[in-house]
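Hi,

Here is the structure I promised to pass on. Have a look at it first, then read my notes below.

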Amino acid sequence: MSDLPTLSIDSSVYLLAAHPNWRESRVNRQLLAASQALPGVKVCNLYDCYPDYDIDVPAEQASAAAASIIVLLHPVQWYSMPALLKLWLDEVLTHGWAYGIGGTALQGKDLWLVATTGGPESSYHPQSYNRYFFDAFLPPYEQTAALCGMRFLPPLILHGAHSASEQEVLAHVAVFAERLKTYPAWPELAELDACPAFDVPATDRPQELGNGRPPRSANALLGDNAAVPFSSVGAP
């Protein structure tokens, strides 16, 4: 372990952990346990907190706003994040709060991706079955941070989580815990530029519905048992 200072009281961490099946998790489960054992780290296990996918948006916004860094912990699934974490982004990072006119709640904070892949690093190559280097799948995360005025930190990735040795997994968990303990005293942070804030014109947003507020979810608009009309799915 390094002799870097441990997490200061001022540096709060909000960690969003997303795994649809923790019983089958080999690495993320250990990362989750390590984060839960650290003082100063607030952990939200999304699939435990919101098994019905009904996210408490005000509570999540309060937790995110109070943190200095938001950590996304998840396995890579179909080159992206698990569905509930994507829903968290959709519902919590709202226009006028996280981005756009008046959306300054997250400006100046950090976003850190901690993820695992099933395939080895060599599979993320133009000559292998994943066809691209892994960095090609990061722009959605980077741009999410940028739009919110956040700084996207270098991700911590463990490739080949299914086949990694126990020693490799333990070493990875130790690095992860050490990084959480010592944030923000990471030497490389001094070399990263602050992310500029981007304004999104109100004209680029859809018209608000009904009472002037967009629905929190399709279920909130249609009722829990109603089917979502095809034309509304993925509407711009």
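The largest nonpolar core has 39 residues, and Leu16, Leu46, Trp88, Leu93 and Leu106 make the most contacts inside it. A nonpolar core here is a set of buried Ala, Val, Leu, Ile, Met, Phe, Trp, Tyr and Cys residues joined through side-chain atoms within 4.5 Å, and buried means under 20% relative accessible area (1.4 Å probe, protein chains only). Helix 4 (83–92) gives the most to this core, with six residues. Helices are DSSP runs of H or I with at least four residues, strands are E runs of at least two, and both are numbered from the N terminus. Leu93 touches Trp88, Ala98, Tyr99, Leu106, Thr144 and Cys148, leaving out residues up to four places away in sequence; contact means heavy atoms within 4.5 Å. Apart from this core lies another, of 28 residues, including Leu15 and Leu180.

By the way, this is a predicted model: local features need pLDDT of at least 70, side-chain atom pairs count only at pLDDT 80 or more, and totals for chains, interfaces and linings use all residues. Residues are numbered from 1 along each chain as its sequence is written, and side-chain values use heavy atoms, without hydrogens and water.

Now for helix 1 (residues 28–36): which of its residues are buried? They are Asn28, Leu31, Leu32, Ala34 and Ser35. These cover an arc of only 165° around the axis, so they sit on the same side of helix 1; the arc is that of the directions from the helix axis to the C-beta atoms. Their cover includes strand 1 (13–17) and helix 6 (166–182).

Cheers

Terms used:
Buried means under 20% relative accessible area, exposed over 50%, partly exposed in between (1.4 Å probe, protein chains only).
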